[in-house]
Structure formats: C-alpha cells, structure tokens
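I set out to record what I looked up in this structure, entry by entry. The entries follow the order in which I consulted them.

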Amino acid sequence: MPTQVTVTPPMAAAPKVPEPPQVAAAEQAAMVPRVESLASSGIQYIPKEYVRTEEERNSISDVFEEEKKYDEGPQIPVVDLKGIYSEDEEEREKCREELKNASMEWGVMHLVNHGIPEDLLTRLKEAGKAFFDQPIEEKEKFANDQASGKIAGYGSKLANTACGQLEWEDYFFHLIFPEDKRDMSIWPKTPTGYTDATSEYARRLRGLVTKVLSELSLGLGLEEGRLEEEVGGMDDLIMQMKINYYPKCPQPELALGVEAHTDVSALTFILHNMVPGLQVYIGGKWVTAKCVPGSIIMHIGDTLEILSNGKYKSILHRGLVNKEKVRISWAVFCEPPKEKIVLKPLQELLTESEPATFPPRTFAQHLQHKLFKKTQEALSN
Ligand SMILES: O=C(O)CCC(=O)C(=O)O
Ligand SMILES: [Fe+2]
C-alpha cells in the first residue's frame with residue numbers, strides 16, 4: 001500500500017513469546033489469507049508472521065488500559081474549528097494559531113466543530129460496517145490484486161519485507177475524489193447506501209481540506225491558496241479511502257493492526273468506531289488517542305512536512321488491536337498527483353540559517369525512497 005511505509009523507532013528488550021504449537025505445512029498453506037477468517041477460526045495462538053519483533057512487543061500494552069490514562073503526560077490536542085468559519089478576523093486568527101501549533105508540535109489532532117454533519121458520519125460508518133459484516137465470499141468479489149498492481153478493493157497486507165511480517169487487519173481501499181477519477185465498478189454495491197454516503201463525505205471533506213490548507217498556508221506567512229495549489233488543487237489532489245478492519249486478536253500483546261509508519265499524504269483524516277487503537281510516537285513514548293465523540297482525527301503527512309521544510313510534522317503512528325472488540329477506522333489520504341509535481345520545501349520558507357532539509361522529489365519518488373529505506377532496514381535486521 002502506498003500509504004504505509006514503516007519506520008521503526010528505537011525500543012528496548014521485550015518479554016519472550018510463548019511457543020505456539022507447530023502447524024503442519026499443508027494446513028498452513030491451506031489457510032485463507034484474510035485476518036478475519038483467521039480470527040473467527042478460533043485459534044488461540046497467532047501465526048508467527050503476525051508476531052512482531054522483540055523491540056516492538058516490548059512497547060505493546062493493553063489498549064483499553066492505555067486509553068483510560070489521563071494523567072500520563074501530554075495528550076493529542078483537540079482543535080476546535082468553529083473559529084475558522086467565523087466572520088470575526090480575531091476569532092479566525094485564534095483558531096489558525098491553534099491549528100498551526102498542533103501541526104507544528106504534534107502533526108496530529110482531534111478536530112471538533114469541523115462542519116461535517118454528524119448524521120453523515122453515522123451513515124458513512126454504518127455503510128462501511130455493513131460491507132464488512134457480509135460473508136468473506138461476498139467481499140472477495142471485490143478483492144484487489146496487488147501482484148498485478150491493482151491495489152484498489154478488498155485486501156490484506158502481503159508480506160513485502162525481507163522478514164515477511166504481517167499486520168492484523170483487512171481493508172477496503174479506493175479513490176473517492178475527484179469524481180471523474182473514481183472507478184465505480186469497484187465500489188461496494190451493498191449496502192445500497194454506501195455510494196451516496198461515501199460520495200457525500202468525500203465532497204464535504206474536500207471542502208474542509210481547502211479550508212485547512214488555507215489556514216495552514218496563512219500560518220506559515222504564505223498566500224492563502226499556496227499549499228492547496230502546491231498539492232494539486234481541485235483537479236489533481238487525490239483522496240483515497242482505506243477502511244481498516246481489525247478483527248479481535250487472541251494475542252493482542254504480540255501483534256499490530258498497522259505497523260509504525262508516517263503517512264505519505266499531505267493530510268489524512270481518520271474516523272473510527274469508538275474502539276481505541278491509534279497510537280502516536282512523541283517524546284520517546286507511544287501516546288494512545290482518546291475516543292473523542294464527533295471528532296475527526298487529522299494527520300499532517302510527509303507531503304506537507306516536506307513543503308513546510310519540516311515546520312509541520314508528519315508523526316510516526318501505529319494501530320494496536322485487542323481481544324474484545326472489532327475495530328474499524330476510515331482513513332482518507334489526501335495526496336498530490338504522483339508525477340506531475342516536484343515536492344520540495346517552499347522557497348519563501350528558506351533562509352541562510354534554515355536551508356532546505358528535504359531533497360526535491362515527486363510523490364512517486366518519495367514513495368520509492370521510503371520503500372527502499374524500509375527494505376534496507378529489513379535486510380540489515
Ligand atoms: O486505524 C487507525 O486509526 C490508523 C490507520 C492508519 O494509520 C493508516 O491506515 O495509515
Ligand atoms: Fe497512517
């Protein structure tokens with residue numbers, strides 16, 4: 001998946017993994033490679049491909065316990081966007097400052113009063129859940145084919161690193177905006193409300209993207225439309241939705257739903273079904289995102305980090321899984337066109353004492369570079 005290139009933070013030694021019983025080779029080969037079918041098969045031990053490295057296991061703990069902790073240091077900021085729609089310039093400036101600070105310090109935040117109607121978010125989530133509630137055979141009709149480069153559709157991660165590590169999730173991935181670039185043939189037909197809810201969400205979210213990019217431009221002292229233009233504008237900025245489906249996991253202390261990575265996007269917006277799982281790495285610690293009702297989580301991705309010459313941060317994050325509840329999240333990645341734009345720190349932001357810290361690269365080259373680095377890391381482990 002282009003949205004997931006892993007970076008592993010330094011971590012200490014971890015507890016030993018209990019030895020699972022040996023699974024016969026034939027049995028292993030016959031396993032359906034969907035995490036959902038593995039989870040519902042009643043296994044007590046997860047296959048070794050899903051067991052994370054010793055360093056990673058050392059940092060994984062019970063996500064429900066983690067979410068409860070309120071007194072354990074800094075938390076992901078909550079940014080109230082009411083002010084960006086205000087006529088009052090002072091209100092707007094205050095809101096802009098909050099957005100800017102959260103983007104510079106954390107690169108991730110809970111957006112509240114974002115202007116997208118709550119009933120639309122409910123419809124979108126009900127539709128995605130209803131799709132995943134169908135039998136696996138039904139979902140397989142939409143299966144992607146990563147080997148042939150067809151990444152849109154229903155899928156699970158294929159081992160693409162030297163160590164063959166897998167993630168505890170299945171997903172549905174497709175382009176949702178601009179409308180003329182969508183391939184409606186791969187959109188779920190059931191439930192019937194899926195297309196309407198997803199299209200409407202895409203349109204409303206696209207409006208929010210413009211607004212956020214304007215404020216982030218002004219926050220850097222740039223012209224209002226600058227960042228929007230730099231990432232492709234209305235015609236070329238691409239929004240792709242990935243519905244992440246994390247089944248219950250019998251050994252959540254050994255697995256990850258999504259491994260540590262930064263998003264390559266300009267911005268990413270995440271909704272979820274109020275089951276905790278997202279963690280961000282800051283100040284040498286993993287911080288668990290709280291479940292904030294009605295909010296949308298927003299990440300600054302690598303693209304804005306590059307354009308802002310590192311002023312806006314693309315934060316390392318990952319997803320934990322649990323034994324008790326299925327988690328579903330809806331991530332929308334807002335990405336510049338792959339080849340058309342060369343991403344590099346904006347000239348106006350550079351000074352003699354603050355030279356460019358990122359080399360010029362197209363989005364495609366950036367993806368390639370991250371993949372190369374990841375492969376090198378895996379080979380040297
Ligand atoms: O499920 C989540 O909350 C995060 C998912 C994520 O980081 C991704 O899909 O890139
Ligand atoms: Fe992500």
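Entry 1, cis peptide bonds. I located Pro-178 in the loop between strand 5 and helix 8 (194-219). I noted that the model is a predicted one, and then read the peptide bond that joins Phe-177 to Pro-178: this bond is cis, with omega about 0 degrees. Pro-191 is likewise found in the loop between strand 5 and helix 8. The bond from Thr-190 to Pro-191 is cis, its omega being near 0 degrees. I record these bonds because most peptide bonds are trans.

Most residues other than glycine have a negative phi. I found that Asn-113, which is not a glycine, has a positive phi of about 50 degrees. Asn-113 sits in the loop between strand 3 (108-112) and helix 6 (118-133). Met-274 is partly exposed, its relative accessible area being 38%.

Which residues are the protein donors of the iron ion (ligand 2)? I listed His-261 through NE2, Asp-263 through OD and His-317 through NE2, at 2.1 to 2.2 Å from the ion. The sequence spacing of these donor residues reads H-x1-D-x53-H. His-261 in strand 7 (residues 258-262) and His-317 in strand 12 (residues 317-319) are 56 residues apart, so that the pair links distant parts of the chain. His-261 counts as buried because its relative accessibility is 5%, and His-317 is buried with a relative accessible area of 4%.

I examined the residues around ligand 1, among them Lys-242, Tyr-246, Ile-270, Leu-278, Ser-329 and Phe-333. The iron donors His-261, Asp-263 and His-317 also belong to the residues around ligand 1. By class, the shell holds 4 nonpolar, 4 polar and 3 charged residues. I then checked distances from polar side-chain atoms to an oxygen atom of ligand 1: Asn-244 gives 3.3 Å, Asp-263 gives 3.4 Å, and an N or O atom in the side chain of Arg-327 gives 3.0 Å. Ligand 1 taken alone exposes 290 Å², and the protein buries 100% of that area. Strand 6 (238-246) and strand 13 (327-335) are the elements that give two or more residues to this shell.

I placed Thr-262 in strand 7.

Glu-169 lies in the loop between strand 4 (153-156) and strand 5 (170-177). Glu-169 counts as buried because its relative accessibility is 2%. I noted a side-chain polar contact between Glu-169 and Lys-242 at 3.2 Å, and Lys-242 is one of the residues around ligand 1.

In an unreviewed UniProt entry I found residues 237-336 listed as "domain: Fe2OG dioxygenase". Over residues 237-336 I read 6% helix and 46% strand, with the end C-alpha atoms 5 Å apart.

Conventions. Residues are numbered from 1 along each chain as its sequence is written. Chains are lettered from A and ligands numbered from 1 in the order in which they are written. This is a predicted model: local features need pLDDT of at least 70, side-chain atom pairs count only at pLDDT 80 or more; totals for chains, interfaces and linings use all residues. Side-chain values use heavy atoms; hydrogens and water are left out. UniProt positions are given in the numbering used here, feature names are shortened, and annotations may be inferred rather than shown by experiment. Helices (H or I, at least four residues) and strands (E, at least two) are DSSP runs, numbered from the N terminus. Buried means under 20% relative accessible area, exposed over 50%, partly exposed in between (1.4 Å probe, protein chains only). A polar contact is a pair of N or O atoms within 3.5 Å; within protein, one must be able to donate a hydrogen and the other to accept it, and residues adjacent in sequence count only if both atoms are side-chain atoms. Donors are N, O and S atoms within 2.8 Å of the metal (3.2 Å for Na, K and Ca); water is not among the atoms, so sites may look incomplete. A residue is near a molecule or strand if one of its heavy atoms lies within 4 Å of it. Accessible areas come from the Shrake-Rupley method with a 1.4 Å probe; for residues, only the protein chains shown count as cover. Ala, Val, Leu, Ile, Met, Phe, Trp, Tyr, Cys and Pro count as nonpolar, Asp, Glu, Lys and Arg as charged, and the others, Gly among them, as polar.
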